[in-house]
Amino acid sequence: KSGEQKHSKEPSSLQCMHLAVVACGDRLEETLIMLKSAVLFSNRRLCFHIFAEDSLKPEFEKKLKEWPSSYTKKFEYNIYPITFSVGNAQEWKKLFKPCAAQRLFLPVILKDVDSLLYVDTDVLFLRPIDDIWHILKEFNSTQLAAMAPEHEIPKIGWYSRFARHPYYGTTGVNSGVMLMNLTRIRNTQFKNSMIPGGLTWEEMLYPLYQKYKNYITWGDQDLLNIIFYFNPECLYVFPCQWNYRPDHCMYGSNCKGAEEEGVSILHGNRGVYHDDKQPTFKALYEVIRDFPFEDNLFQSLYYPLQSKFLDTVHTLCGRIPQVFLKQIEKTMKKVYENRVIVYLGANHRY
């Protein structure tokens, strides 16, 4: 059985911040770097729910076991096969990218989990997950999920220019970072365009896909946009620094929150960690990938990052390095202070 790190006696779901990811094809390394960024900076215990093709499972287990115990004790994990509870599995698999539609089924599969954060494999945390987890407490009585807008500016937005189906708000929402209260999702009757009454989440998914499959481009993200178009009161919209993508800087800087606070969660979509189109995104990915776990964060992570950033100042996203560095610097200072205080406190007792 996977999930070897289960130490605690109390039900871990009460203490855990739950993080779900779906990994297929060549996404193993990317997923591990995302999990590494989560573990490096988070304060509370983490529960990872990794949905992966069978061929990737042994590799995930091997790699996670190689991490030092000072980090593995901060999380537990489970690895699940890819499964679709309704409709045609082959159709769901082919929707947009392989297995991406799996995220639509999390409320149905993880029946014992109250809330979770779903992220794409190409996401990096630049501050503790604890900080986005707190947003769950800001939900009003009807909100059951939170996402960031797909675009800040409607005239350059994809949905506002090209969508042939209903979508949320003026620019649609991006599903690469999605906070979900699964209990509420399971208990809600959703308004829809198929029947006059409400449908549960599970009842709605396949008919919705059947109705709109010839009009959707971005697969499961489009289905989520359609759901929240009909149920806008169910969605909490968080600001763009929680899902910061190349689109926020490649057409000039258009994420005010990131300019003020720094990027909280980096989302390297468009494959930017693996090509040279956006060197700032690639620099962050490589520095977290290459960071030796037990090393000093400033020495082995922040300083290499600063020097890599100097090489990107001529690029559109690199012109605003403080946007990328502000939050990660703040986070590292906190981690460092906590360790020093804990260390001094421990020594003080003797």
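1. Arg 270 sits in the loop between strand E9 (265-267) and helix H13 (279-290). Helices (H or I, at least four residues) and strands (E, at least two) are DSSP runs, numbered from the N terminus. Arg 270 is not a glycine, yet its phi is positive, about 65 degrees. Most residues other than glycine have a negative phi. With a relative accessible area of 49%, Arg 270 counts as partly exposed; the scale calls a residue buried under 20% relative accessible area, exposed over 50%, and partly exposed in between (1.4 Å probe, protein chains only).

2. On the basis of the values: this is a predicted model, in which local features need pLDDT of at least 70 and side-chain atom pairs count only at pLDDT 80 or more, while totals for chains, interfaces and linings use all residues. Residues are numbered from 1 along each chain as its sequence is written, and side-chain values use heavy atoms, with hydrogens and water left out.

3. How many disulfides does the rule give? The count is 4 disulfides, where a disulfide is a pair of cysteine sulfur atoms within 2.5 Å. Counting bonded cysteines along the chain, the pattern is 1-3, 2-4, 5-7, 6-8. A disulfide is a covalent bond between the sulfur atoms of two cysteines.

4. Cys 16 lies in the loop between helix H1 (12-15) and strand E1 (17-23), and Cys 47 in strand E2 (residues 46-52), so the pair ties together parts that are 31 residues apart in sequence. The link of Cys 16 and Cys 47 is right-handed, with 65 degrees about the S-S bond. Cys 16 is buried, at a relative accessible area of 2%, and Cys 47 is buried at 3%.

5. Cys 24 and Cys 99 form another disulfide, their sulfur atoms 2.1 Å apart. Cys 24 is in the loop between E1 and helix H2 (28-41), and Cys 99 is in the loop between helix H5 (89-94) and helix H6 (106-109), so this pair ties together parts that are 75 residues apart in sequence. The torsion about the S-S bond of Cys 24 and Cys 99 is about -95 degrees, so the disulfide is left-handed. Cys 24 and Cys 99 are both buried.

6. A disulfide also joins Cys 240 to Cys 255, at 2.1 Å from S to S. Cys 240 and Cys 255 both lie in the loop between strand E8 (235-237) and helix H12 (256-261), 15 residues apart. With 100 degrees about the S-S bond, the link of Cys 240 and Cys 255 is right-handed. Cys 240 and Cys 255 are buried. Cys 234 is buried as well, with a relative accessible area of 4%.

7. The chain is divided into domain 1 (17-238) and domain 2 (241-347); the bounds come from an automatic or database domain assignment. The C-alpha centres of domain 1 and domain 2 are 23 Å apart. Their contact (heavy atoms within 4.5 Å) takes 34 residues from domain 1 and 35 residues from domain 2.

8. How much area do domain 1 and domain 2 bury between them? The figure is about 3100 Å², with 64% of it on carbon and sulfur atoms; buried area is the accessible area (1.4 Å probe) that two parts lose on being put together, summed over both. Of the area that domain 1 buries against domain 2, Leu 124, Leu 126 and Arg 127 supply 24%, more than any other three residues.

9. Between domain 1 and domain 2 there are 2 salt bridges, a salt bridge being a side-chain nitrogen of Lys or Arg within 4 Å of a carboxyl oxygen of Asp or Glu. Glu 150 forms a salt bridge with Arg 245, the closest N and O atoms being 3.9 Å apart. On the side of domain 1 that touches domain 2, H2 gives the largest share, 7 residues.

10. Asp 120 is located in the loop between strand E4 (115-119) and E5. Is Asp 120 buried or exposed? Asp 120 is buried, with a relative accessible area of 16%. Leaving aside residues up to four places away in sequence, Asp 120 touches Val 21, Met 34, Arg 103, Ser 175, Gly 176 and His 267.
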